[in-house]
Amino acid sequence: MIHDYFRHKAHAQGYTLSHSQQRVIECMAQLANALLASRAPAQAPQSLYLHGAVGRGKSWLLDGFFQALPVAEKQRLHFHDFFAQLHQGMFLHQAHTDALASTLDERLKDCRVLCFDEFHVHDIGDAMLIARLFKALFQRGILLLLTSNYPPQGLLPNPLYHARFKPVIDLIHAHMRVMEVGGPHDYRSQVRTHTQQVFTQGEYRWPTTTSQRQALKLPKPDTSALVLPVGTRQLQALHCEDRTIAFTFNDLCEQPTAVMDYLELCRRFDTWIIDALPDLADCSIATQQRFINLIDVLYDQDKRLILLGERPLREHLGGDAIDLARTRSRLGQLVDVGPAL
């Protein structure tokens, strides 16, 4: 079942499975067999934590397992999106004795298998909630599969907080099999040939010309910004028409925006234009992290992105934020519309 699915999928896409991918597939096949052999939550098999460098096929493996597993009670979620839902649900259930339990009852219901893609932790407040979340999921007997760019000990690397996160790392090792997905190839470099993903059809345009800005309906620099309500807040935008929204980098990343703002905007807009990409190396770590989060959300929600800069993309993407490798990999899939010859 699992083996056959991946064999056919790899052949159809022209992939040669790495040794580590084959090991993961074997583990996934064992998990599927164990899960199907018992309906008792207390007997759920050990969960699975996949980590490795960007582009090594972690999400591809997770998606394949989710598609091939013949179980109806399953959910596949991007961690950003689920975490936003979790916060929202706990706010709505704040009068309950256990707001987290009430939220999970509502969001997961009879879920037996939960798949999280792109798991990472940078905020100590989120880390404490993740500790409670994982304990609750394991107590419910939910089989958890997640992917991350980091091994468990690499989560929340900030030395000010890492020691406080150690109980969560211990919890992961106690309840999950940790496997690295390695190999010499970056599969994302092949993705445009084999997928209809909307994000990869986006563009990086440089250097931006007046005619390009006019074609994108971007206003002149001295034009007053458009005020856009997002939840209880107001953001500034350059242009808004139908399902297209345009911002400057400053509008979204230099301001105190959050992942939940990006998710709310994704529900309303399918094409995003982001103007005036600066050199990230000149930005604060907080600003770099907002940009990383923004690209994660646009990628996860599969939105079309038109990004405008003045120099080759790689020259803008320096910086010290630890997740920038993932951002570089994702933005590298955009069509590069450079200067005309």
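Q: Which residue's side chain is joined to that of Asp 117 by a polar contact of 2.4 Å?
A: In this predicted model, Asp 117 belongs to strand S3, which covers residues 113–117. Its neighbours, leaving aside residues up to four places away in sequence, include Ser 59, Arg 76 and His 78. The side-chain partner at 2.4 Å is Thr 147.

Q: Is Asp 117 buried or exposed?
A: A residue counts as buried when its relative accessible area is under 20%. For Asp 117 the relative accessible area is 3%, so this residue is classed as buried.

Q: Into which domains is the protein chain divided, and what distance separates their centres?
A: The division gives domain 1, residues 1–180, and domain 2, residues 198–337. Taken over C-alpha atoms, the centres of domain 1 and domain 2 are separated by 29 Å.

Q: How many residues does the contact take from domain 1 and from domain 2?
A: Domain 1 and domain 2 bury about 1,200 Å² between them, with 58% of that area on carbon and sulfur atoms. The contact draws on both domains: 12 residues come from domain 1, and from domain 2 come 15 residues.

Q: With which residue does Glu 118 form a salt bridge?
A: Between domain 1 and domain 2 the count is 2 salt bridges. In the salt bridge of Glu 118, the closest N and O atoms are 2.6 Å apart. The partner of Glu 118 is Arg 330.

Q: Which helix gives the largest share of the side of domain 1 that touches domain 2?
A: On the side of domain 1 that touches domain 2, the largest share amounts to 4 residues and comes from helix H4, residues 79–92. By class, that side has 4 nonpolar, 6 polar and 2 charged residues. The helix asked for is H4.

Q: Is Asp 296 buried or exposed?
A: Asp 296 is located in helix H12, which spans residues 285–300. The cut-off for a buried residue is under 20% relative accessible area. Because the relative accessible area of Asp 296 is 1%, this residue is buried.

Q: With which residue's side chain does the side chain of Asp 296 make a polar contact?
A: Not counting residues up to four places away in sequence, Asp 296 touches His 80, His 120, Arg 326 and Arg 330. The side-chain polar contact of Asp 296, at 2.8 Å, is with Arg 330.

Notes. Residues are numbered from 1 along each chain as its sequence is written. This is a predicted model: local features need pLDDT of at least 70, side-chain atom pairs count only at pLDDT 80 or more; totals for chains, interfaces and linings use all residues. Side-chain values use heavy atoms; hydrogens and water are left out. Helices (H or I, at least four residues) and strands (E, at least two) are DSSP runs, numbered from the N terminus. Buried means under 20% relative accessible area, exposed over 50%, partly exposed in between (1.4 Å probe, protein chains only). A polar contact is a pair of N or O atoms within 3.5 Å; within protein, one must be able to donate a hydrogen and the other to accept it, and residues adjacent in sequence count only if both atoms are side-chain atoms. Contact means heavy atoms within 4.5 Å. Domain bounds come from an automatic or database domain assignment. Buried area is the accessible area (1.4 Å probe) that two parts lose on being put together, summed over both. A salt bridge is a side-chain nitrogen of Lys or Arg within 4 Å of a carboxyl oxygen of Asp or Glu. Ala, Val, Leu, Ile, Met, Phe, Trp, Tyr, Cys and Pro count as nonpolar, Asp, Glu, Lys and Arg as charged, and the others, Gly among them, as polar.
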